[in-house]
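These are notes for a colleague who is opening this structure for the first time. Please read them with the model on screen.

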Amino acid sequence: MIQLIRGFKDILPGEVELWQHIEKTARSLLEDFGFKEIRIPILEHAELFARSIGEDTDIVEKEMYAFPDRNGDLITLRPEATASVVRSYIQHKLYAKDPVRKFYTIGPMFRRERPQKGRYRQFYQINAEVFGIDSPLIDAQLIFILAVFFKRLSATEVKAHINSLGCPICRPGFKEALSVFLSAAEEELCSDCRRRRKRNPLRVLDCKVPSCCLAMADAPSILDHLCPECNRHFEAVKNALEKFKVSFEVDKRLVRGLDYYTRTTFEIKTGLLGAQNAVAGGGRYDSLVKALGGPDQPAVGFAIGLDRFVEITDLKAKDFAQDPDIFIAAMGEKSMSMAFDWACAFGLEGIIAELDFAGKSLKSQMKRADRLGAKHVLIIGEKELEEKAVVLRNMTTKEQVIIPIDDIIERVKKELLRKH
RNA sequence: GUGGGUGUAGCUCAGUCGGCAGAGCACCAGGUUGUGGCCCUGGGGGUCGAGGGUUCAAGCCCCUUCACUCACCCCA
């Protein structure tokens with residue numbers, strides 16, 4: 001038997017209804033805040049991510065599904081959405097009409113990591129990106145939108161963590177101070193952190209090894225090194241969040257793995273997913289648009305990890321499942337033929353109708369109707385054909401009414417409405 | 001990429017010392033000749049993840065491999 005690829009999964013009926021509901025809620029929420037959907041391709045030139053995410057990151061170095069196309073171009077399944085949205089913003093000069101543009105996109109991303117809880121090789125994200133606004137108010141609004149999203153969808157075991165990463169003016173000073181501190185503390189760091197010290201010193205800050213946490217307790221904080229502009233920006237974000245009544249926690253150890261982030265950074269974390277505790281994350285990336293060849297426009301955005309979100313929401317797929325409105329139990333060839341015609345007619349009316357094609361006994365059809373969760377059963381056999389009237393049974397109340405075959409669709413429609 | 005745990009019916013899982021492949025749920029049929037859920041009776045379902053080895057005999061022991069899972073790493 002051919003099985004699905006490692007780290008990939010099927011989202012089956014019975015769970016997909018929850019995904020649909022989450023996506024629907026996200027669309028409606030984001031559109032209410034002025035975001036427009038943008039659909040970007042799943043394949044991109046690998047270079048796009050090397051230039052945006054950073055050549056030295058694990059994502060680009062060893063996690064991308066990259067391969068040469070037939071013409072030799074190195075292309076890749078997108079590992080994230082932001083770079084593509086930025087590319088599109090630049091390529092189509094979407095800034096020309098108005099530099100302020102707000103987009104959202106929902107779809108699969110691909111990273112060839114070792115699968116574990118809440119981590120798949122194909123995973124789904126809801127992304128929102130805002131271009132052209134450098135006001136800290138928009139940073140806060142994005143976090144506010146996330147908070148509303150989580151609340152609306154009954155994901156309560158979450159907390160917003162925020163931090164500032166500074167900007168190209170102040171970050172170098174912090175990195176320098178951090179590097180000095182790390183050199184002094186080298187003895188106490190774990191082996192991974194000794195390696196990180198050179199390559200990605202910011203990452204040492206969020207190491208989970210207890211000895212490192214201890215060693216880093218007195219590490220310099222980026223927040224003490226922010227330049228006046230970055231500091232004002234961060235303060236304004238916090239003030240706005242308080243005004244929006246979004247509860248948050250300043251976490252000076254919150255860093256981002258991607259090179260392009262500046263200033264505000266945030267994550268929505270949960271205690272329900274073990275090691276994969278980030279359900280959503282994002283931040284400001286003011287220098288990326290220009291770095292990718294576009295105008296010097298600021299930007300800020302977030303991504304929600306859908307696979308993780310479905311794990312932590314209290315909502316259940318079965319609450320959104322559509323059971324059949326009616327099951328047509330037919331006996332005999334002529335009845336079955338009529339039942340099929342009716343089922344089609346019901347479908348056109350938006351009434352979900354199921355029936356049995358195998359010529360089973362009434363008992364067996366009733367059993368199946370019950371199992372499918374059909375709210376009503378329409379019974380037709382020799383007797384009904386003769387009397388030109390069928391039986392409509394309400395499966396909850398067991399009430400049965402006789403309905404003439406003429407004009408049956410309209411009559412059933414009325415009955416179904418009445419019973420609601 | 002590294003390390004641990006787990007793979008037996010559609011699902012959840014037993015399977016003792018190596019000796020006929022099991023249970024519950026689900027499914028199908030009948031009891032009830034045209035009315036679901038409860039009950040009773042019967043039935044169908046298995047490459048014991050895969051491949052190899054040891055043995056008279058392997059679900060069980062050995063080797064290899066794959067998948068799932070958790071953690072590291074990284075990240076949503």
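1. A word on exposure comes first: a residue is buried if 20 or more other C-beta atoms lie within 10 Å of its own, exposed if 12 or fewer, and partly exposed in between, with C-beta atoms placed from the backbone. By this count Lys398 is exposed, having 7 other C-beta atoms within 10 Å. Across the 420 residues of chain A, 38% count as buried.

2. The model is predicted: local features need pLDDT of at least 70 and side-chain atom pairs count only at pLDDT 80 or more, while totals for chains, interfaces and linings use all residues. Residues are numbered from 1 along each chain as its sequence is written, and chains are lettered from A and ligands numbered from 1 in the order in which they are written.

3. Overall form. Chain A contains 15 helices and 16 strands; these are DSSP runs numbered from the N terminus, helices being H or I with at least four residues and strands E with at least two. The radius of gyration of chain A, 28 Å, is well over the 22 Å that the globule rule gives for 420 residues, so the chain is more spread out than a compact globule. That radius is taken over C-alpha atoms, and the rule is 2.2 Å times the number of residues to the power 0.38. The C-alpha trace spans about 95 × 50 × 50 Å along its principal axes.

4. Domains. The assignment for chain A gives domain 1 (16-170 + 226-317) and domain 2 (322-413), with bounds that come from an automatic or database domain assignment. Between the C-alpha centres of domain 1 and domain 2 there are 49 Å.

5. Contacts. Two residues are in contact if their C-beta atoms, placed from the backbone, lie within 7 Å. Among chain A contacts between residues at least 6 apart in sequence, 69% join residues at least 24 apart.

6. Strand 12 (residues 326-330) and strand 14 (residues 376-380) run parallel and are joined by 5 bridges.

7. Strand 3 and strand 4 (residues 74-77) pair over 4 bridges, and Phe67 stands opposite Ile75 in strand 4.

8. Two lysines to check. Most residues other than glycine have a negative phi. Lys245 has a positive phi of about 60° and is found in the loop between helix 9 (228-243) and strand 8 (248-250). Lys398 has a positive phi of about 65° and lies in the loop between strand 15 (389-394) and strand 16. Lys245 counts as exposed, with 8 C-beta neighbours inside 10 Å.

Technical notes:
Two strands pair if DSSP finds at least two bridges between them.
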